[in-house]
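Q: I have a structure open and would like to go through it with you. Can we take it piece by piece?

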Amino acid sequence: METMTSLEKEMVENLLPQKFPFVMVDAMYSYTETSLVSGLKIQQDNIFVNDELFLEAGLIEHMAQSVALHTGYQYFLRNEIAPTGYIGSIKEIEIKKLPRLNDNIQSEVTILQEFAGITLVNIVTKLNNEEIANGQMKTVLAK
């Protein structure tokens, strides 16, 4: 099982299909074939910041892009171009607390099932080791 720790912001951005100002992941702290821990520092120029709060839509997008980063890094390791992926469904997202400007959030993605380009994941987002959001998503790779 391949394990990687601490990817820099520029490399992370190269692995994501999203581009500024829509990038909601700026770090990768760990990677395995079935998991990933990503991060984001909430900056003033983030399009999902309002009144110094990172909005719910931003949290959900951060979670989705964390899944995309796992896929992107998987393809990078195989020297292949990652296909575009889409959110197929979002299930049971719970947002307990919104992070604030300059906070650093981390999301742990766990692959529950992967078959024929469809991936079911569990995602837990934390701020200072406190869980602030969780849920499940199904992503689909474009053919």
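Q: How much accessible surface does the chain have, and what share of that belongs to carbon and sulfur atoms?
A: This is a predicted model. The accessible surface of the chain comes to about 7900 Å². Carbon and sulfur atoms hold 48% of that surface.

Q: What helices and strands are there in the chain, and how many?
A: The chain has 2 helices and 9 strands. Starting at the N terminus, the order is β-α-β-β-β-β-α-β-β-β-β.

Q: What is the radius of gyration, and what would a compact globule have?
A: The chain has 14 Å. A compact globule with 143 residues would have a radius of gyration near 15 Å, so the value for the chain agrees with that. The C-alpha trace spans about 40 × 30 × 25 Å along its principal axes.

Q: What percentage of the residues count as buried?
A: Of the 143 residues, 42% count as buried.

Q: And what share of the contacts is between residues 24 or more positions apart?
A: Taking the contacts with a separation of 6 or more, 63% are between residues 24 or more positions apart.

Q: Which residues touch the most other members in the largest nonpolar core?
A: Phe54, Leu69 and Ile105 do, in a core of 31 residues. At least two core residues each come from α1 (9–15), β2 (27–32), β3 (35–41), α2 (56–77), β7, β8 and β9 (130–141). The largest share is that of α2, with 6 residues.

Q: Why would nonpolar side chains be found together?
A: In soluble globular proteins, nonpolar side chains tend to be buried together.

Q: Back to Phe54. What is Phe54 in contact with, leaving aside neighbours within four places in sequence?
A: The contacts of Phe54 include Met24, Leu40, Ile42, Phe48, Leu98, Pro99 and Ile105. Asn46, Val49 and Leu59 are also in contact with Phe54.

Q: Phe48 is in that list. Where does Phe48 lie?
A: Phe48 lies in the loop between β3 and β4.

Q: Is Phe48 buried or exposed?
A: Phe48 has a relative accessible area of 14%. The cut-off for buried is under 20%, so Phe48 counts as buried.

Q: What does Phe48 touch, apart from residues up to four places away in sequence?
A: Phe48 touches Phe22, Met24, Leu53, Phe54, Leu55, Ala57, Gly58 and Glu61.

Q: Glu61 has a charged side chain by the look of the name. Is Glu61 buried or exposed?
A: Glu61 counts as buried because its relative accessibility is 16%. Glu61 lies in helix α2. Setting aside neighbours within four places in sequence, Glu61 is in contact with Gln18, Phe22, Met24 and Phe48.

Q: How many residues apart are Phe48 and Glu61 in sequence, and what is the distance in space?
A: The two are 13 residues apart in sequence, and their C-alpha atoms are 9.5 Å apart in space.

Q: On to charges. How many positive and negative side chains does the chain have?
A: The chain has 11 positive and 19 negative side chains. The centres of the two sets lie 4 Å apart.

Q: New topic, backbone angles. Which residue other than glycine has a phi near 65 degrees?
A: That is Glu52, with a positive phi. Glu52 lies in the loop between β4 (49–50) and β5 (53–54). Glu52 is partly exposed, as its relative accessible area is 44%. Ala116 also has a positive phi, of about 55 degrees, although it is not a glycine.

Q: Where does Ala116 lie?
A: Ala116 is in the loop between β7 (104–115) and β8 (118–127).

Q: Last stop, β9. Is Thr139 buried or exposed?
A: Thr139 lies in strand β9 and counts as buried, at 11% relative accessibility. Among its contacts beyond four places in sequence are Val67, Tyr86, Gly88 and Gly117.

Conventions
Residues numbered from 1 in each chain as written. Predicted model: local features only at pLDDT ≥ 70, side-chain atom pairs only at ≥ 80, totals over all residues. Heavy atoms only, no water. Helix = DSSP H or I, 4+ residues; strand = E, 2+ residues; numbered from the N terminus. Buried < 20%, exposed > 50% of the residue type's maximum accessible area, 1.4 Å probe, protein only. Rg over C-alpha atoms; globule rule 2.2 N^0.38 Å. Contact = heavy atoms within 4.5 Å. Areas by Shrake-Rupley, 256 points an atom, 1.4 Å probe, with all protein chains shown as cover. Lys, Arg positive; Asp, Glu negative; His and termini not counted. Charge placed at Lys NZ, Arg CZ, Asp CG, Glu CD. Core = buried A, V, L, I, M, F, W, Y, C linked by side-chain atoms within 4.5 Å.
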